[in-house]
Amino acid sequence: MNPYKLSYKALEQKARAIRRKIVVLNANSPAGGHTGADLSQVEIVASLYFRVLNCAPDRLADPERDIYIQSKGHAAGGYYCCLAEAGYFPEAWLATYQHADSKLPGHPVKQKTPGVELNTGALGHGLPVAVGLALAAKKSGSQRKIYVVTGDGELGEGSNWEAAMVAAQYKLDNLIIINDKNKLQLAGYTKDILNTDPLDKKWDAFGMDVSECEGNSVQSIVETLEGLKPSGKPHVVIANTIKGAGISFIQGKPEWHHKVPNGEELNLALEELKDE
């Protein structure tokens, strides 16, 4: 089971703490970061690690632990901040993000960072591996679940849809795909670059059990994930989020895909993120 099982209020406080870590992490990185993508997924990863996932820092080798895959690997900074908050590695490591010989490189690397289950970064790779893990769990009789977070822009990669067909074919209802639908990607709005809507109808046509939630609401995420029932189908949760969520001058702004806060912007962000 999850070692934290936090209340909604406690999860909201964790999300705020993770956001503070994200803006400091990216401001101090010598190679920049992906601030918008880091911030949009905060409530998703916080809800998973502090309420939903059957895993813990002292169970990294447990064959029955749930697996989380960060398929949108460019949002590694936000992922690391959540892992540090959850105790998977010392918080002091965050100051080394993307520095030479850091254990926290620009994309997740299993061999470097405790808690990371898969090397990701090239988009469209996380879901195919998650399908393989879910299939292996089914065949071995394991009760573990496989969770994978993808970006909505990432769904322009055809490998995702090939993987979806396999998942449906083998009735992998131990697979939970969470789409961080923040409607933006590297070069602008997803609808203008390669429109992936209507996502719900696409996933349904591929044989998935489809749900939607407010992706920047821990209560909406938790209620949706905890409400999933065995259906003989893989699960897809479309999490409607805002890119850069939580900071007024960042959220919804395309330029913050790969922009990081400067000195004054950092101060303004931290002021907005003070505990209420």
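I started with the words for burial: buried means under 20% relative accessible area, exposed means over 50%, and partly exposed is in between (1.4 Å probe, protein chains only). This is a predicted model, so I kept in mind that local features need pLDDT of at least 70 and side-chain atom pairs count only at pLDDT 80 or more, while totals for chains, interfaces and linings use all residues. Residues are numbered from 1 along each chain as its sequence is written, and side-chain values use heavy atoms, with hydrogens and water left out.

**Salt bridges**

I counted a salt bridge as a side-chain nitrogen of Lys or Arg within 4 Å of a carboxyl oxygen of Asp or Glu. The search of the whole structure gave me 16 of them.

I went to Glu-85 and Lys-21 and found their side chains in a salt bridge with N to O at 2.6 Å. Glu-85 is in helix α4 and Lys-21 in helix α1, so this pair ties together parts 64 residues apart in sequence. For the element names, helices (H or I, at least four residues) and strands (E, at least two) are DSSP runs, numbered from the N terminus. Are Glu-85 and Lys-21 buried or exposed? I have both down as buried.

Glu-85 also meets Lys-14 in a salt bridge, at 3.1 Å from N to O. That pair links helix α4, where Glu-85 sits, with Lys-14 in helix α1, 71 residues apart. Lys-14 counts as partly exposed because its relative accessibility is 22%. Which residues do salt bridges with shared partners join into one network here? I noted Lys-14, Lys-21, Glu-85 and Glu-91.

Next I checked Glu-43, which has a salt bridge to Arg-19, with the closest N and O atoms 2.7 Å apart. Glu-43 is in helix α3 and Arg-19 in helix α1, so the pair ties together parts that are 24 residues apart in sequence. Glu-43 is buried at a relative accessible area of 8%, and Arg-19 is buried at 5%.

**Aromatic pairs**

My rule for rings of Phe, Tyr and Trp (its six-membered ring) was that they pair if their centres lie within 6.5 Å; planes under 30 degrees apart count as stacked, over 60 as edge-to-face and the rest as tilted. The whole structure has 11 aromatic pairs by that rule.

I looked up Tyr-4 and Phe-50, a tilted pair with 4.9 Å centre to centre and 55° between the planes. Tyr-4 is in the segment before α1 (8-27) and Phe-50 in helix α3 (residues 42-52), so I have this down as a link between distant parts of the chain, 46 residues apart. Tyr-4 is partly exposed, with a relative accessible area of 29%, whereas Phe-50 counts as buried at 0% relative accessibility.

Then I took Tyr-80 and Tyr-97: the ring centres are 5.9 Å apart and the planes are at 75°, so the pair is edge-to-face. Tyr-80 is in helix α4 (residues 76-85) and Tyr-97 in the loop between α4 and α5 (126-140), 17 residues apart. Tyr-80 is buried at 0% relative accessibility, and Tyr-97 is buried at 1%. I also see ring pairs linking a cluster of Tyr-49, Tyr-68, Tyr-79, Tyr-80, Tyr-88 and Tyr-97.

I found a cis peptide bond between Asp-197 and Pro-198, with omega about -5°. Pro-198 is in the loop between α7 (190-193) and α8.

Lys-5 is not a glycine, yet I read a positive phi of about 45° there. Lys-5 is in the segment before α1 and counts as partly exposed at 42% relative accessibility.

Asp-101, also not a glycine, has a positive phi of about 65°. I placed Asp-101 in the loop between α4 and α5, where Asp-101 is exposed with a relative accessible area of 79%.

Ala-100 is in the loop between α4 and α5 as well, and Ala-100 is exposed at 72%. From Ala-100 to Lys-138 I have 38 residues in sequence and 40 Å in space, C-alpha to C-alpha.
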